[in-house]
Amino acid sequence: VEELVKYCEEIACGAPDLPFYYYHIPAFNGAFLSMVAFLEAVDGRIPNFAGIKYTFESMYEYNQCRLYKGGKFDMLHGQDETILPCLAMGGAQGGIGGTTNYNGVNLVGIIEAWKAGDLEKARELQNFSQEVINVICHFRGNIVGGKRIMRLIGLDLGKNRTPFQNMTDDEEVRMKAELEAIHFFDRCNKF
């Protein structure tokens, strides 16, 4: 944790007038560290520290961070698969979703249904969002599969940069069929 705090200190001091957020995504960076311990260590040490974009499976830890010192730090929700449980636990006040570019209408719908007290609608939208994620997991995740979905809905973002592989045309055909099977193209963002 101390090494991570030193690393963040060095970055944050480069732009001291901007809010600094740590992006907790241990599946990518391998930093499987306690974020509660991180908040305790960073508190008062990095003046522009604003919070964490929390992209990990532990709803318990997410909530403990959210409750730290009465909600002192902004805990952005970063996992589209678990928006509804986060709202039910007292809620993220914001988020940054990986599938928002093409599935944002459903993700926002979860929040709107929750606010309106329509739990059944919120569950249905959360389950659909998980179905979309299940499809992209078959095609190397959001960076690879998601970028190709953007092309399928009309926005070609070009090829992936190294080290990410690009999907083959055959993979795209298979992914499109999986997306059609869940009626994704009837429910996705429109451009």
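**Reading burial and helix packing in a predicted model**

Mentor: Leu 39 has its place in helix H3, residues 35–42, where helices are DSSP runs of H or I with at least four residues, numbered from the N terminus. This is a predicted model, in which local features need pLDDT of at least 70 and side-chain atom pairs count only at pLDDT 80 or more, while totals for chains, interfaces and linings use all residues. Residues are numbered from 1 along each chain as its sequence is written, and side-chain values use heavy atoms, with hydrogens and water left out.

Trainee: Is Leu 39 buried or exposed?

Mentor: Buried means under 20% relative accessible area, exposed over 50%, and partly exposed in between, with a 1.4 Å probe and protein chains only. Leu 39 counts as buried because its relative accessibility is 0%.

Trainee: Which residues does Leu 39 touch, not counting residues up to four places away in sequence?

Mentor: Contact means heavy atoms within 4.5 Å, and on that basis Leu 39 touches Phe 49, Ile 52, Cys 65, Tyr 68 and Phe 73. The C-alpha atoms of Leu 39 and Phe 73 are separated by 8.4 Å, although the two are 34 residues apart along the chain.

Trainee: At what angle do the axes of H8 and H9 cross?

Mentor: Axes are lines fitted to C-alpha atoms, for helices over the stretch in contact, and angles run from 0 to 180 degrees between N-to-C directions. The axes of H8 (residues 141–152) and H9 (residues 169–181) cross at roughly 75° and come within 11 Å.

Trainee: Where is Asn 160 placed?

Mentor: Asn 160 is in the loop between H8 and H9, and it counts as buried because its relative accessibility is 13%.

Definitions and conventions:
Helices (H or I, at least four residues) and strands (E, at least two) are DSSP runs, numbered from the N terminus.
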